[in-house]
Amino acid sequence: MTISKTLLCASILCGLATAVHAQDATPAPADPPKTAQQKAADKRVEELQAVTVTGYRGSLEKAIDVKRNANAVVDAISATDIGKFPDTNAAESLSHLPGITVDRQFGEGEKISVNGTDAALNRVLLNGQTIASGDWGGNPTDTSGRTFNYSLLSPEIIGLMEVYKSPEARIDEGSIGGTVIIHTRKPLDLPANTLRGSLGYNYNDRSAEGNPRASALWSWKNADSTFGILTSVTHDKQNLSRAGIEFFGYTTGANITGNPNVTGDQNYANAKIPVGINSAYFQQTRERNGLQSTLQWRPDEHNEFNLTGLYVKGKYDNFSESRYVCPGCGDLNKLTDINVANGYITSGTVSSTTGNGQPYAELDANYRKTEVSTKSINLRHDFNGDAWVFTSQVGYTSAGGGKDPEYLMKYLLQNGGYNFGYDGRNTSVGYQNGSAANWGLVGSPAGSPPGDTSLPGQNQAGGIYYETTTDRERYAQFDASRDLEWGPINQIQMGVKYTNHFNGTQSRGNRINTTDPISLTDFDPGSTPGGLFDGLHASGDLTDWPTASRSSVVDYLKSQPQGPFNPNYPAMFGVSEVTKDAYVQMNYQSGSWRGNVGVRYVDTKDTSNYYVNSDGGTYSRVSSSTHYYKPLPSVNVAYDLDEDKVLRLSVAKVIARPRYGDLAGATSLNGAATGNFTASAGNPDLKPYQSTNFDLSAEWYFAPASLLSVEGFVRKIDSYIVTTTSERSLTDPTTGQTNVYSVTSPINASNAKVSGLSLIYQQDLGHGFGIQTNYTYSKATTQTQTNGDKLNLPYLSKNTINIIPYYEHGPWSARINYSRRSPYFTQVGRLNSNVFSDAYKELDLSASYQITPWAGITLSATNLLDSTYYQYADIKYAPIGEYKSGRTYSMTLNFKL
């Protein structure tokens, strides 16, 4: 810690000293020579006057200009035209930048990681301010409001996205990897009565469904260019069908009884066996409607007012059906034949004739209704005086999401056994009788009260469950800046900010029992679509099985006697976070030296409210608070070697706050519907992530729209958060059932380091052709646990690469995007296993033709390789999940008036 502080202070002093030295060494003639930066700017003006660039090449030039002129380490993506962005998903566009990756468990990028850091450790700011986040409740990467779900954001409203990989004191804190700043357009910057729009159609080959999408942007201003209005509306809808083969973690064969026939290694007691093997069929409709508006007013030369509002409403309703066997969660005493290889029980037969009861297998049909909304409004006033510039902002943002409600229905295997097998690539399950008539539930005893929790699980049909989330923030900010002539110091910026943030979850559910016996045949059964599981190396009864209709499931659950709705106290929490910030930043330029030095002082108080179970049955509400103060100094130094080459150095102290859900001491239970009993517990005593960040880059802008660069980064993390797993016996208050849960909980760890190197090559090759490529290598070192194992940092891929050749000439334009990321750790699973996602490849194509100056057409295809998302526990031989989401094709007509 002392060494890091010394290095940081030394870097700040070095930055100032070099600037002062450069100033002293530069004479002050009456007509001073132009700096390398000024020469580069003059050269850029000449080039742009000679050649008018538009479209994708034009967007690359603007992005390069942003990077070239920045004082920090910055990457950028620019719109190709007003109301037109390179991709239909902002996260996918960001993933083309060096060091940025996305997780595609549901087919499209929803959140991003920067320089090997967890998505929750990277902030997203809309026009410099927080945008509240809501999630649909079914994605395991939901992160309790610290980041933003990019699938909600319509790219048509974006003018520019900047990624600050090195911080400046003026930018809100909270990121370890980087901060994404999304800039929307302003009406006074556009011609009067600007109208842009698009009409399109999307088709997914795995769901075999298509939907329209549309957008429109209109901007008006008066003749004096003092008042303007901009409004953008968007509509997008898509149908997803995801096929998956899932393993519910692993346990050991220590409790196997009955002396099964064993082939291979005879030591089955210490071998690992899957807790459950599941075939999953997930269908989701994602419908997003958005409205963004801006009012801009300049009453005189000194004042400007901007009122910006955003409203996004998304429907993410989904129907999830799965059928699974459970050899490790109840059937260990029914195994008659097993094979053991490499420390795993890789195949087995579970029999109904062992005298130990009917083997357990379950078919689930769960319908989740969810609506995600995001709102934000910001009022900004800029006063441009003769010496000072004052900026005042107030705003509010809120978001909601979750399950509202989720209908949970199950059917149990009535007779017969099953067999299973897997080898790390191929998986099979076979039932003695897997027909629809062999799945059902027995009737409950006459006179049983609704939702009777004393009845066994075979009498429970399911339940109705609500879990809604709230995320909101109020803020006020004041900034001041003034140009100076203090030697190399040419500007001072300072400001204060107050934020009051709340993030919470409310949860309740009931139990619904059967009255009469039921069978899957009573629920308008169908079957999984042909070809749905192609490419997942699944066989036997995993690929073709009976399904229930969604409407029949909902109708049945509503028609049954309803058990009482009980609060799900373990999942309920509310975290209030009040932050008070102050900063000062000095910008300097002297000769070829430029940059900034500053410090941001952060005062944070978190108050967590949650429920604890003190006597095994009664929950009581408790509250706990933490309060910490952090000075966060930063220095950015840029040196223009000549008009085409730049060297950069950045050193900064940064923090990232824990997830809101982790700060609550509540324990959230999962598995009532699947039998895969897992839980997550919070820790109100968590400290924030703390890191000293070092960035170094060398950039050569050797031609228009061209760049050759190398960037090195080090994140020396003094405090970070990891999860540990333990087995606990817990009671679900909504069902009354007690089970052994695999519980993960966060703790603070120390002494980790993430380091890496990015290589960037981008060039306009001539004759319409060009190329974008980047490669990032990153690695992490962490502390060693008491058992000798190393802790893992989530979402860090050692290797990531992007290759994007493009062509743009006359009315034609085409682009191919290829990306690959190597395996990365995601979470801690059962038996403290480390769950990894395997390497993932993505290939996309986009081609467009400008029919007239006012209209053009674009054809695009994403995930052309139909890549498999594969997760495993510690070694690739032990699968956790394997998914395919299909290819998406789209056609869009763009127009402008």
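Start by selecting D75, which is buried, with a relative accessible area of 5%. The model on screen is a predicted one. D75 sits in strand β1, residues 74–78.

K165 forms a salt bridge with D75, and the closest N and O atoms are 2.8 Å apart. K165 is buried too, at a relative accessible area of 2%. K165 lies in the loop between β6 and β7 (179–184) while D75 is in a strand, so the pair ties together parts that are 90 residues apart in sequence.

A search of the whole structure finds 31 salt bridges. Side chains of opposite charge can pair when their charged atoms come close.

Select R206 and D866. Their salt bridge has its closest N and O atoms 2.9 Å apart. The two residues belong to distant parts of the chain, 660 residues apart. R206 is in the loop between β8 (194–204) and β9 (209–221), and D866 is in the loop between β48 (855–862) and β49 (869–873).

Move to K653 and D718. This salt bridge has a closest N to O distance of 3.3 Å. Here both partners lie in strands: K653 in β36 (residues 645–656) and D718 in β40 (residues 707–731), so the pair ties together parts that are 65 residues apart in sequence. Both K653 and D718 are buried; for D718 the relative accessibility is 12%.

The C-alpha atoms of D718 and T692 are separated by 7.8 Å, and the two residues are 26 residues apart along the chain.

**Aromatic pairs**

Switch to the rings of the aromatic residues. The structure holds 31 aromatic pairs. Select W136 and F282, one of these pairs: the ring centres are 6.0 Å apart, the planes are at 35°, and the pair is tilted. W136 is in the loop between β5 (129–130) and β6 (158–164), and F282 is in strand β14 (residues 277–297), so the pair ties together parts that are 146 residues apart in sequence. W136 has 0% relative accessibility and counts as buried. F282, at 7% relative accessibility, counts as buried as well.

Next, select F383 and F390. Their ring centres are 6.3 Å apart and their planes are at 10°, so this pair is stacked. How exposed are the two residues? F383 is partly exposed, with a relative accessible area of 30%. F390 is also partly exposed, and its relative accessible area is 30%.

To see a set of linked rings, select F247, Y250, Y344, Y422 and Y877. Ring pairs link these residues into a cluster.

**Surface patches**

Which strands each supply at least two residues of the nonpolar patch? They are β20 (371–384) and β21 (388–413). L295 counts as partly exposed, at 35% relative accessibility.

Zoom in on K558, whose place is in helix α5 (residues 550–559). Why does K558 count as exposed? K558 has 53% relative accessibility, and exposed means over 50%, so K558 falls in that class.

Methods. Residues are numbered from 1 along each chain as its sequence is written. This is a predicted model: local features need pLDDT of at least 70, side-chain atom pairs count only at pLDDT 80 or more; totals for chains, interfaces and linings use all residues. Side-chain values use heavy atoms; hydrogens and water are left out. Helices (H or I, at least four residues) and strands (E, at least two) are DSSP runs, numbered from the N terminus. Buried means under 20% relative accessible area, exposed over 50%, partly exposed in between (1.4 Å probe, protein chains only). Rings of Phe, Tyr and Trp (its six-membered ring) pair if their centres lie within 6.5 Å; planes under 30 degrees apart count as stacked, over 60 as edge-to-face and the rest as tilted. A salt bridge is a side-chain nitrogen of Lys or Arg within 4 Å of a carboxyl oxygen of Asp or Glu.
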